[in-house]
Amino acid sequence: MVIDKIKKREEPEEDKKYSKPDIPVGKWIKCEKCKEILYKEIVRENYSVCPNCGNHFRLSSRRRIAQIIDEGTFEEFKLNIETVNPLGMDSYIKKMETIREKTGIDEAVKCGTGNINGEKVVICVMDGNFLMGSMGSVVGEKITYSIEKAIELKLPLIIFSVSGGARMQEGIISLMQMAKTSAAIAKLDEAGLLYISVLTDPTYGGVTASFASLGDIILAEPHAMIGFAGRRVIEQTIKQELPEEFQTSEFLLEHGFIDKVVERKDMKDTIHKLLLLNK
Amino acid sequence: MPNNLTAWDRVQIVRAQDRPTALDYIDNIFDEFIELHGDRKFSDDKATVCGLARLENTNFTVIAQQKGRNTKENIERNFGMPKPEGYRKSFRFMKQAEKFNRPIITFIDTKGAYPGLGAEERGQGEAIASSMFEMSRLKVPIIVVVIGEGSSGGALAIGVGDKILMLENAIYSILSPEGYASILWKDSGRAKEAAEVMKMTAKDLLDLKVIDKIIKEPKGGAQEDVKKMSEEIKKEIVSSYLSLKDIDEDTLVASRYEKFRNMGEYIRK
């Protein structure tokens with residue numbers, strides 16, 4: 001896991017506890033990028049994109065699903081699984097409890113079925129608010145289960161990634177989730193089903209090096225940071241400064257690793273169009 | 001080998017300059033070996049050795065991560081850290097193995113995929129992902145041997161096999177202990193402590209069912225007797241191959257899928 005920037009560009013403070021009513025704590029938010037002070041409501045109405053500079057704020061899985069899936073059609077897969085803490089780290093369990101309390105979500109990915117302008121899909125949406133969207137046993141299992149469900153239901157698969165990579169606290173077992181999810185994507189491929197991978201800020205490490213890079217079509221939000229190794233690690237290794245645009249969506253597009261950079265406001269319609277053109 | 005070695009002791013053993021490398025074993029294990037080069041796309045990654053080998057009348061495709069045996073070699077081999085073209089090269093040979101119905105043996109020994117500017121530009125993440133993706137459905141037996149350091153996705157990229165063997169002192173982990181301590185505790189100086197909690201030794205991994213078998217090392221470690229170590233590896237490769245060779249393609253691929261499918265430590269609430 002390679003992220004040291006994940007804390008930046010948080011989405012506007014909002015109802016982190018999903019069960020609670022949608023009352024913002026403060027009314028204003030500062031855009032990390034252009035430093036403009038913005039009225040939260042305006043930002044939210046603008047898909048959580050800065051109206052001044054176009055900076056894409058981070059989205060929770062819940063809000064992402066609301067933006068992509070037709071209202072009232074999302075049905076979450078209820079797996080009800082929990083890690084057994086394979087390395088026996090007390091701090092890990094405590095940390096998860098705190099995060100669950102704070103965010104109201106139980107793991108770093110939400111999976112289910114839903115419609116995109118009427119087209120039914122299996123969708124997985126990672127959540128950067130939960131341990132940097134890192135992939136441990138539960139995330140790996142939920143993603144794999146969803147892929148197998150897509151095969152069973154003969155549905156296209158959409159995965160929105162945001163992740164620091166494999167989850168350190170579960171050690172080698174987290175690493176193995178890379179093989180597990182990649183193998184499941186291979187099975188989906190054999191079944192002749194469409195997989196659209198959407199990369200959002202940031203996507204790194206073991207997630208970049210597994211299912212996120214295996215889409216038939218790979219989309220990315222503008223200016224998202226995407227890579228395998230983190231910038232700091234690379235700079236320390238090669239002992240030179242990296243170009244400004246290094247590891248951005250635009251950089252990946254330039255080098256041929258993604259199909260298209262899509263603004264958030266256009267994401268739903270773009271995916272819909274791709275679904276129809278792949279029918 | 002005394003059993004009271006700590007994980008950190010083993011980290012030191014596998015990183016020692018005299019630890020045998022993949023080519024040392026390859027020379028001793030196989031009756032014939034010819035190295036072949038290049039990914040046909042960009043270049044020839046020197047940290048990845050590929051070739052054809054013969055062992056007891058069976059032809060194999062061999063893929064190995066190769067560290068240098070001295071500083072000069074290490075620079076040439078990029079300290080055993082593959083770039084994307086290394087994974088694309090090994091994939092080329094694996095596909096060829098499938099075409100000619102040849103079983104595959106991979107030797108893992110890397111502290112990770114190379115974190116460099118060019119490596120990122122050429123899609124290190126995509127190269128690793130594609131390697132695992134394709135290995136998971138190859139229709140020939142794949143035997144994986146972790147001989148030294150197996151760190152991160154750079155190791156696992158050639159580790160999706162039917163039988164996973166591991167030398168007694170080898171380590172296999174999500175990241176190097178230094179990287180782990182740095183990420184989790186913001187202090188790479190706590191690497192020794194990290195090594196003990198990461199469950200990276202062969203015994204830990206056997207317990208976690210990440211590997212299938214531990215191959216004993218000679219007294220004092222593999223470097224003490226490369227020939228004997230090679231004999232042991234050879235014996236295990238042969239026996240693994242014999243257990244796989246008559247399995248039909250579909251069953252082989254389905255079992256490999258299940259093997260990795262079942263990796264994960266969770267409970268139903």
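1. Contact between the chains. In this predicted model, 43 residues of chain B are in contact with 50 residues of chain A. On the chain B side, the elements that give two or more residues are the helices H5 (117-121), H6 (124-135), H7 (152-156), H8 (177-185) and H12 (249-261), together with the strands E7 (171-173) and E9 (266-268). Of these, H6(B) gives the most, with seven residues.

2. How do the residues of chain B that touch chain A divide into nonpolar, polar and charged? There are 25 nonpolar residues, against nine polar and nine charged.

3. Strand E4 of chain A, residues 81-83, pairs with E9(B) in the antiparallel sense, over three bridges. Within E9(B), B:Tyr266 is the residue that stands opposite A:Thr83. E9(B) is also among the elements that give two or more residues to the side of chain B touching chain A.

4. The setting of A:Asn115. This residue lies in strand E5 of chain A, which covers residues 109-116. Is A:Asn115 buried, partly exposed or exposed? A:Asn115 has 17 other C-beta atoms within 10 Å; because a buried residue needs 20 or more and an exposed one has 12 or fewer, A:Asn115 counts as partly exposed.

5. Neighbours of A:Asn115. Leaving aside residues up to four places away in sequence, A:Asn115 touches A:Ile69, A:Asp70, A:Thr73 and A:Lys120. A:Lys27, by contrast, is 88 residues from A:Asn115 in sequence and 32 Å from it in space, C-alpha to C-alpha.

6. Overall form of chain B. Chain B contains twelve helices and nine strands. Its radius of gyration is 18 Å, close to the 18 Å that the globule rule gives for 269 residues, so chain B is as compact as a globular protein of that length. Along the principal axes, the C-alpha atoms of chain B fill a box of roughly 50 × 50 × 40 Å.

7. Packing within chain B. Of its 269 residues, 55% count as buried. Where contacts in chain B join residues at least 6 apart in sequence, 72% of them link residues at least 24 apart.

8. Confidence. Chain B has an average pLDDT of 96, and 99% of its residues score at least 70. For the complex, the predictor gives an ipTM of 0.97 and a pTM of 0.94.

Terms used:
Residues numbered from 1 in each chain as written. Chains lettered and ligands numbered in written order. Predicted model: local features only at pLDDT ≥ 70, side-chain atom pairs only at ≥ 80, totals over all residues. Contact = placed C-beta atoms within 7 Å. Helix = DSSP H or I, 4+ residues; strand = E, 2+ residues; numbered from the N terminus. Nonpolar A, V, L, I, M, F, W, Y, C, P; charged D, E, K, R; others polar. Pairing = 2+ DSSP bridges. Rg over C-alpha atoms; globule rule 2.2 N^0.38 Å. pLDDT = per-residue confidence, 0-100.
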